[in-house]
Amino acid sequence: MFGRFYDMHCHCSELGSRALGEALEAVKGLVVVAVSEDVESLLDTMELASTYNGRVVPCAGFHPWVIGERPLSELDEVLRAAYRHGVTCLGEVGLDRKFVPQTWHVQLKVFEAVLRAARELGALVNIHAPDAWRDVLSLLIDYDVERAMFHWYTGPQDLIEAIGKAGYKISINAALKIQRKHQAIARVTPLDYIVTESDGPYNYRGLKLSPTMIPETIKLIAELKGVEPGEVEEAARRNAEALLRNSKP
């Protein structure tokens, strides 16, 4: 049984078992979607998912930032592990023109391999796409990926409707508390497209992000949209469960 609150993007291997356990204890009913960046973090993530059975959904990922630093053979290891263990979330994966444009052409090859695997596995794709939002959306559609989530979306507002109509979701991050650009995204994104995340334990401009911030994030979204928190909570729950319907927490 899934909980009522969902952190749809968290780096649990970096957060650590103790802090993760404390977060799960602090927020009753919280389910955390745990992304990975490489083989090592994937193995740690799968161990945490086993430890906190029913509360942590593991994702197999090869982050755009590690491309150029890690051998591409590691991508094959990640995808083989996903197939072998029945992992039905691939992330953190995607494209990045903003922070690592120098590896763009290799990023494309990697991401296309991930999308082929996602299609075969029927997996949710947990997306990283700074300054590459349109590229990613186009590729998701080209590869007939059914389920995808745009993590910490700060892209063009005119792309939101196309993302939602394609059946994908937009993840609102706890950094909403101080990031004005993200506040604007939350304000205009329909509730039917929204899920919530922390990206913990990332430190954003002095704000230490954590899964414990999900209830507060829901309240902030409600304030920005002028609706009741319960309405946002229910929409975020419904949307998260639609994305995770074939996943095994």
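Residues are numbered from 1 along each chain as its sequence is written, and side-chain values rest on heavy atoms, with hydrogens and water left out. Because the model is predicted, local features require pLDDT of at least 70 and side-chain atom pairs count only at pLDDT 80 or more, whereas totals for chains, interfaces and linings use all residues.

The structure holds six aromatic pairs, where rings of Phe, Tyr and Trp (its six-membered ring) pair if their centres lie within 6.5 Å, and planes under 30 degrees apart count as stacked, over 60 as edge-to-face and the rest as tilted. Trp152 lies in the loop between strand S6 (148-150) and helix H7 (160-165), and Tyr204 belongs to strand S9 (residues 203-204), so the pair ties together parts that are 52 residues apart in sequence; helices (H or I, at least four residues) and strands (E, at least two) are DSSP runs, numbered from the N terminus. Trp152 counts as buried at 11% relative accessibility, and Tyr204 counts as buried at 9%, where buried means under 20% relative accessible area, exposed over 50% and partly exposed in between (1.4 Å probe, protein chains only). Trp133, Phe150 and Tyr153 form one aromatic cluster. A charge also sits over a ring, as Arg97 lies over the face of Trp104 at 3.8 Å from the ring centre; the criterion is that NZ of Lys or CZ of Arg is within 6 Å of the ring centre and within 35 degrees of the ring normal.

Trp133 is also one of the buried residues of helix H6 (residues 133-142), together with Val136, Leu137, Leu139 and Leu140. These residues cover an arc of only 165° around the axis, which puts them on the same side of H6, the arc being that of the directions from the helix axis to the C-beta atoms. The cover over the buried residues of H6 includes helix H5 (104-121), strand S5 (124-128), S6 and H7. H6 is followed by Asp144, whose phi is positive, near 55°.

Trp65 is placed in the loop between strand S3 (56-58) and helix H4 (73-85) and counts as partly exposed at 39% relative accessibility. Leaving aside neighbours within four places in sequence, Trp65 is in contact (heavy atoms within 4.5 Å) with Asp96, Phe99, Val100 and His128. The side chains of Trp65 and Asp96 are joined by a polar contact of 2.7 Å; such a contact is a pair of N or O atoms within 3.5 Å, of which, within protein, one must be able to donate a hydrogen and the other to accept it, and residues adjacent in sequence count only if both atoms are side-chain atoms. The C-alpha atoms of Trp65 and Val93, 28 residues apart along the chain, are separated by 9.5 Å. Thr103 is found in the loop between strand S4 (89-94) and H5, where Thr103 counts as buried at 12% relative accessibility. Not counting residues up to four places away in sequence, Thr103 touches Pro64 and Ile67.

The structure holds 14 salt bridges, each defined by a side-chain nitrogen of Lys or Arg within 4 Å of a carboxyl oxygen of Asp or Glu. Among them, Glu74 and Arg70 meet through their side chains at 3.6 Å, N to O; Glu74 counts as buried at 7% relative accessibility, whereas Arg70 is partly exposed, with a relative accessible area of 31%. Arg238 and Asp192 form a further salt bridge of 3.3 Å, N to O, which links distant parts of the chain, with Arg238 in helix H10 (residues 229-243) and Asp192 in the loop between helix H8 (180-188) and strand S8 (194-197), 46 residues apart. Arg238 counts as partly exposed at 37% relative accessibility, and Asp192 is partly exposed with a relative accessible area of 46%.

Glu241 forms a salt bridge with Arg237, the closest N and O atoms being 2.7 Å apart. Being four residues apart in helix H10, Glu241 and Arg237 are separated by about one helical turn. Glu241 counts as partly exposed at 22% relative accessibility, whereas Arg237 counts as buried at 18%. Salt bridges that share partners join Arg4, Glu233, Glu234, Arg237 and Glu241 into one network.
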